[in-house]
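This briefing is for a reader meeting the structure below for the first time. It goes through the structure topic by topic.

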Amino acid sequence: MTEFDVQGIGMTSRRTRERLIQRLREQGISDMRVLDVMLDTPRHLFLDEALAHRAYEDTALPIGFNQTISQPYIVARMTEVLLAAGPLDKVLEVGTGSGYQTAVLARLVGQVYSVERIRPLQEKAKDRFKRLKLYNIICRHSDGTMGWPEKMQFDGILVTAAPEQVPDELLQQLAPGGRLVIPVGRDQQQLKLITRLDGDGFDTQVLEFVRFVPLVSGTIR
Ligand code: SAH
């Protein structure tokens, strides 16, 4: 992937990314496809210039509108879990935010449908996808609590903001065998993997405790 220079950061970012990837491996991320894509994805381009120098710290950072770009460990973990059962063709992401998680996903699955409720965040993310030549991302400005019914069903759904309960719409938009990775809860949030069984019903696994911004209904222009 082409490097872009933001205040000289592009020059050194691959080396700092290598350190970040090493750290993710030490924390138990083992899917080499995910680690390779993260090694190649310039996270500093998903931040405002004033914060770009902190892009390769393993931490969430503000992106405006009281929202945050997810911590790299969490991006790696959610992506790894989503992909663990085999390749995915069609994935829905709820909460585009900076677009970093979207960009990582786009290089690992066939097509990403990403919804965001805050228009200015979505516009910035779209510019970044263009700049990085990621053409398999379709964005929509909408309330992701409802999923994206016109495009269902999805092999995978990844939610990057936490509802108090799993929205039924998201469950219904999963293809049989499809996987939903979602943080759930208010103060104490759990990251869950919900699989739609081939027959009837769903299987739920709790992965770990996490902290995400809340999933909020409605949209902001
Ligand atoms: N993966 C993003 C995370 C951004 S934070 C990143 O790493 O940059 C979560 C995002 O979810 C925010 O941008 C927030 O506006 C968005 N969000 C919250 N509730 C939403 C909803 N109901 N529908 C769509 N997006 C939502």
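In this predicted model, the charged end of Lys90 sits over the ring of Phe154, at 5.5 Å from the ring centre.

**Aromatic pairs**

- The count of aromatic pairs comes to three.
- One of them joins Phe46 and Tyr100, whose ring centres are 5.6 Å apart; the planes stand at 70°, so the pair is edge-to-face, given that an angle over 60 degrees counts as such.
- Phe46 belongs to the loop between α2 (32–40) and β1 (61–64), while Tyr100 belongs to helix α4 (residues 100–106), so this pair ties together parts that are 54 residues apart in sequence.
- Phe46 and Tyr100 are both buried.
- Tyr113 and Trp148 form an edge-to-face pair too, with 5.4 Å from centre to centre and 85° between the planes.
- This pair also links distant parts of the chain: Tyr113 is in strand β4 (residues 111–116) and Trp148 is in the loop between β5 (137–141) and β6 (154–159), 35 residues apart.
- Both Tyr113 and Trp148 are buried.
- Tyr113 and Trp148 belong to one aromatic cluster together with Phe154, the residue whose ring lies under the charged end of Lys90.

**The ligand**

- There are 25 residues around the ligand, and those that come nearest are Ser98, Glu116, Asp143, Gly144 and Val216.
- Asp143 has a polar side-chain atom 2.8 Å from a nitrogen atom of the ligand.
- Gly144 has a polar backbone atom 2.7 Å from a nitrogen atom of the ligand.
- For Ser70, a backbone N or O atom lies 2.9 Å from an oxygen atom of the ligand.
- The ligand taken alone exposes 580 Å², and the protein buries 99% of that area.

**Next to Asp143: Thr145**

- The side chain of Asp143 also makes a polar contact of 2.6 Å with the side chain of Thr145.
- Thr145 is part of the loop between β5 and β6.
- With a relative accessibility of 17%, Thr145 counts as buried, because the cut-off for buried is under 20%.

**Helix α3**

- Helix α3 covers residues 72–83, which makes 12 residues.
- From its first C-alpha to its last, α3 reaches 16 Å, close to the 16 Å expected at 1.5 Å a residue.
- In α3, 12 of the 12 residues are buried, so the helix is largely enclosed by the rest of the structure.
- Among these buried residues are Arg77 and Glu80, as well as Tyr73, Ile74 and Val75.

- Thr96 sits in the loop between β3 (90–94) and α4.
- Thr96 has a relative accessibility of 4% and counts as buried.
- The side chain of Thr96 is joined to the side chain of Ser114 by a polar contact of 2.7 Å.
- Val184 is part of strand β7 (residues 174–184).
- The relative accessible area of Val184 is 9%, so this residue is buried.
- Val184 and Glu164 are 20 residues apart along the chain, and their C-alpha atoms are separated by 5.5 Å.

**Backbone geometry**

- Most residues other than glycine have a negative phi, and most peptide bonds are trans.
- The peptide bond from Met152 to Gln153 is cis, with omega near 10°.
- Gln153 lies in the loop between β5 and β6.
- Phe65 is not a glycine, yet its phi is positive, at about 55°.
- Phe65 is located in the loop between β1 and β2 (67–69), and it counts as partly exposed at 47% relative accessibility.
- Lys133, likewise a residue other than glycine, has a positive phi near 55°.
- Lys133 is located in the loop between α5 (119–131) and β5, and it counts as exposed at 57% relative accessibility.

Note on methods:
Residues are numbered from 1 along each chain as its sequence is written. This is a predicted model: local features need pLDDT of at least 70, side-chain atom pairs count only at pLDDT 80 or more; totals for chains, interfaces and linings use all residues. Side-chain values use heavy atoms; hydrogens and water are left out. Rings of Phe, Tyr and Trp (its six-membered ring) pair if their centres lie within 6.5 Å; planes under 30 degrees apart count as stacked, over 60 as edge-to-face and the rest as tilted. Helices (H or I, at least four residues) and strands (E, at least two) are DSSP runs, numbered from the N terminus. Buried means under 20% relative accessible area, exposed over 50%, partly exposed in between (1.4 Å probe, protein chains only). A charge sits over a ring if NZ of Lys or CZ of Arg is within 6 Å of the ring centre and within 35 degrees of the ring normal. A residue is near a molecule or strand if one of its heavy atoms lies within 4 Å of it. A polar contact is a pair of N or O atoms within 3.5 Å; within protein, one must be able to donate a hydrogen and the other to accept it, and residues adjacent in sequence count only if both atoms are side-chain atoms. Accessible areas come from the Shrake-Rupley method with a 1.4 Å probe; for residues, only the protein chains shown count as cover. The expected span of a helix is 1.5 Å times one less than its number of residues.
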